[in-house]
Amino acid sequence: MTLSVGVIGTGVMGAEHVRILREETAGARVVAVCDADAGRARAVAGDGEAFTDPLALIHDHKVQAVVIASPDATHADLALACLAAGKPVLCEKPLAATADQALRVVQAEVQLGKRLVQVGYMRRFDPAYVEMLHVRQSGAIGEAVLLHNTHRNAAAPDWFTGAMAVTNSFVHEIDISRWLLDAEPVLARISAAPGGDPLMITLETDRGAVVSTEVYMNARYGYHVHAQLVGRDGTVEMAAPTVTLTNHASQHGHAWPENWVPRFRDAYRIQMNAWVRSIAEERPVGASAWDGYVATAIAEQVATALQTGNPVRLDFGQRPDLYL
Ligand code: ISE
């Protein structure tokens, strides 16, 4: 069976998800695209139907599953509409703009009694992070005690405001650190360089491991995400994101991608194929609505700590049985 997918949002990620669905995903097709800009919706929709009302797309009988790639602030309400319509949804991160909104999605899914929401924390599908997880699980490096993350954007997107370095960017490290370490953050400390960028955030986990993350929104030289896991018997870290090295004009090295789309192209493709397969097999994969809520709840508390300058004990409640 070919899954008929509707995509909401035709910005950077929405257009890329449509491309992936059309060109690189088995068992799916794009039957509808929505954007507030009718012209953009039509331009991306191709032979699918163009919508300007996301709820009309969600309720359209042709649409069997939904990808939400609209602005962050719309994610929670649209995910709730998909749950109410009983339609599986891949919601781009973050799940919601606030922890309260994200918790409403969790509560609605618990009420439904079935997991329909997958949150687009695509790094869980990135081959480098997957190999790092396997190395940790193999015991080869011993007990994991430190995780060092670097998250550098070349330049903050023009729509970036205030604490989004935490609520829109650092949420990736919150999710991937929980996943890599199989641990829950319990304490956070955050400090900012002059001008507020970069940030240095330290998380302590319930297993005693420590996670350090630099989030730099205007590193200028390129898009650079790195992770190194330190164990009692060794380390594992991601290699440079390249398949070639160049020697030229007394220089040796590789180019850095301009942003997350080329850097995580494999992850987005693998994530989309896994999502489509999970719907056919009724076997949820990837980050759940609970994971999406925890990432946003921790980010919200870390953003508050940035204002107060004090460490914060993290609190996000008990994981419902639906997500165990
Ligand atoms: C952006 O929204 C993403 O999700 C990227 O993966 C991340 O690296 C970037 O910092 C965010 O702004």
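This briefing describes a ligand site and several backbone features of one structure.

The structure is a predicted model, in which local features need pLDDT of at least 70 and side-chain atom pairs count only at pLDDT 80 or more, while totals for chains, interfaces and linings use all residues. Residues are numbered from 1 along each chain as its sequence is written, and side-chain values use heavy atoms, with hydrogens and water left out. Helices (H or I, at least four residues) and strands (E, at least two) are DSSP runs numbered from the N terminus.

**Ligand site**

- Oxygen atoms of the ligand lie 2.9 Å from a polar side-chain atom of lysine 93, 2.8 Å from a polar side-chain atom of asparagine 153, and 2.7 Å from a side-chain N or O atom of serine 169.
- Taken alone, the ligand exposes 310 Å², and the protein buries 95% of that, with accessible areas coming from the Shrake-Rupley method with a 1.4 Å probe.

**Cis peptide bonds**

- Lysine 93 is joined to proline 94 by a cis peptide bond with omega of about -10 degrees, and proline 94 has its place in the loop between β5 (89-91) and α5 (99-112).
- A cis peptide bond also runs from aspartate 197 to proline 198, with omega near 0 degrees, and proline 198 lies in the loop between β8 (185-192) and β9 (199-205).

**Positive phi values and accessibility**

- Aspartate 182, found in the loop between α7 and β8, is a residue other than glycine with a positive phi, near 50 degrees.
- Aspartate 182 counts as partly exposed because its relative accessibility is 48%, given that buried means under 20% relative accessible area, exposed over 50%, and partly exposed in between (1.4 Å probe, protein chains only).
- Arginine 220, in the loop between β10 (210-216) and β11 (224-231), is a residue other than glycine with a positive phi, near 70 degrees, and at 75% relative accessibility arginine 220 counts as exposed.

**Valine 276**

- Valine 276 is found in helix α9 (residues 265-281) and, at 6% relative accessibility, counts as buried.
- The C-alpha atoms of valine 276 and leucine 180 are separated by 24 Å, the two residues being 96 residues apart along the chain.

Definitions and conventions:
A polar contact is a pair of N or O atoms within 3.5 Å; within protein, one must be able to donate a hydrogen and the other to accept it, and residues adjacent in sequence count only if both atoms are side-chain atoms.
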